[in-house]
Amino acid sequence: MVLIRDEFSTKRKYEMYHPTTRVLTVLELLQAHRQMSGPRLAERLEVDVRSVRRYITMLQDLGIPIEAERGRYGNYRLMRGFKLPPLMLTEDEALALTLGLLTAKRLGLTIAAPAVEGALAKIDRVLPEALRERVQAVQETLVLDSISTDRYSSSPESSVVLTLSIATQQEKRIWMRYQSGQAAETERAIDSYGLIFHAGLWYTVAYCHLRQDLRTFRLDRVLQAELLEESFTRPSNFNSLDHLRRSIASMPGTWKVEVWLEMTLEEAERQVPPTMAMLEQAKGGVVMSCYTQDLSWMAHFLVNLRCPLIVREPVDLHESLRILAGEIIQLAERSEGRLRDPLGIKPSHE
């Protein structure tokens, strides 16, 4: 659980917690710590001690064996030998764990492959049925393309990801309120054919009933999404990732990238995700071809390949590499002394 801080008022800050969430948080804290005092629990929850006593009483009324020491600063502890269920996950936590495990699998961490399947199975077993179906829909429908997320700070709501996943899996229509890149809001019904995570952004490729055509939507721009009763049939052999890549290539501001890499084709295939770029054997190396809307991100990716290379196009990628090189040189020249005294002024002594 994350506490959202607000500068406006203490009252608003307390309203960020739902009462049930506060009670469950007390239980989680007592499970994680051997014992905690009332003032310490109050501090963690940002409520008063009287509220903590009320939460403890509610848990005891539910049959949770919590022992309390007398006195204003007495400690609370769970009865020795009492064990809580192994996992209690919120919707956001379940989605975060699932995505983390799927990413590990997508990265080719072979040592983790059996563990990933086992962990996903355990998560499925402990989730409530409704949430389990939504998380399983993510596992079955999500396509993970290039995984780097360094550039982006915006992300979709978990509820949007889960709703779109189950709609894609069950071929159910979605009503959504969508905000375009120019901040224009529209309401539309869509049939989601695929859910994709590409270069740090979430997309769905869908048939849009408003435009009567295939469209690609960014999930962080979906303001509201609701599952409808109407069903649809996905076109056979439709490849949502291929469509997304073609869409990105035709977007304004998209760069066509072609780089010669001094490495073998086998080495390139290990380092360059097959869904990100095409690789072609060439004299003395490999030619990597792809599209991107962010040359800075591409410069970082190329440097991380750690091999000699030649940028064939675009010319602007040379400048992005120079800027990145300058940033790296600045980092290399930094020292603790310069951080303490960035202007180089020596302190005077009296």
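## Contacts and the main core

A contact means heavy atoms within 4.5 Å. By that rule L142 touches L99, L102, L195, I196, F197 and W202, leaving aside residues up to four places away in sequence. This is a predicted model, in which local features need pLDDT of at least 70, side-chain atom pairs count only at pLDDT 80 or more, and totals for chains, interfaces and linings use all residues. Residues are numbered from 1 along each chain as its sequence is written, and side-chain values use heavy atoms, with hydrogens and water left out.

L142 belongs to the largest nonpolar core, which has 30 residues. A nonpolar core is a set of buried Ala, Val, Leu, Ile, Met, Phe, Trp, Tyr and Cys residues joined through side-chain atoms within 4.5 Å. Buried means under 20% relative accessible area, exposed means over 50%, and partly exposed lies in between (1.4 Å probe, protein chains only). L142, M176, I190 and W202 have the most contacts inside this core. At least two core residues come from each of α5 (91-106), α6 (113-126), α7 (129-141), α8 (158-170), β5 (172-179), β6 (185-198), β7 (201-208) and β9 (222-231). Another core, of 23 residues, lies apart from it; C290, L305, C307 and L321 are among its members. In soluble globular proteins, nonpolar side chains tend to be buried together.

## Overall make-up

The protein has 13 helices and 13 strands. Both are DSSP runs numbered from the N terminus: helices are H or I with at least four residues, strands are E with at least two. Of the 350 residues, 38% count as buried. Among contacts with a separation of 6 or more, 63% are between residues 24 or more positions apart.

## Helices α7 and α8

Two packed helices are described by the angle between their axes and the distance between the axes. For α7 and α8 the angle is about 75° and the axes are 8 Å apart. Axes are lines fitted to C-alpha atoms, for helices over the stretch in contact, and angles run from 0 to 180 degrees between N-to-C directions. The pair is therefore roughly perpendicular, a label for angles of 65 to 115 degrees; under 35 is roughly parallel, over 145 roughly antiparallel, and the rest oblique.

On the α7 side, the contact includes L131, V135 and V138. On the α8 side, it includes V161, L162 and I166. By class, the contact has seven nonpolar, seven polar and three charged residues. Here Ala, Val, Leu, Ile, Met, Phe, Trp, Tyr, Cys and Pro count as nonpolar, Asp, Glu, Lys and Arg as charged, and the others, Gly among them, as polar.

## Strand β7 and its partners

Seven of the eight residues of β7 are buried, so this strand is largely enclosed by the rest of the structure. Strands pair if DSSP finds at least two bridges between them. β6 and β7 run antiparallel and are joined by eight bridges. I196 stands opposite Y203 of β7.

β7 also pairs with β8 (residues 213-218), antiparallel, over six bridges. T204 has F217 of β8 as its bridge partner. The two strands form a hairpin with four residues between them. In the turn, Q212 has a positive phi of about 55°.

Three strands form an open antiparallel sheet in the order β1-β3-β2. β1 (36-37) and β2 (66-68) are the edge strands, each with a single partner, so one side of each has no neighbour in the sheet. Two bridges join β1 to β3 (residues 75-78). S37 stands opposite N75.

A four-strand open sheet has the order β11-β12-β10-β13, also with antiparallel pairing. Its neighbouring strands are turned by 25° against each other on average, direction ignored. β10 (residues 255-261) and β12 (residues 285-292) pair over seven bridges. W255 has T292 of β12 as its bridge partner. Helix α11 (residues 295-304) packs on this sheet, touching β10, β12 and β13. The direction of α11 makes about 155° with that of β12.

## Backbone exceptions

Most residues other than glycine have a negative phi, and most peptide bonds are trans. E171 is not a glycine, yet has a positive phi of about 55°. E171 lies in the loop between α8 and β5. At 22% relative accessibility, E171 counts as partly exposed. N237 has a positive phi of about 60° and sits in the loop between β9 and α9 (240-250). At 80% relative accessibility, N237 counts as exposed.

The peptide bond from E313 to P314 is cis, with omega near 0°. P314 is in the loop between β13 and α12 (316-333).
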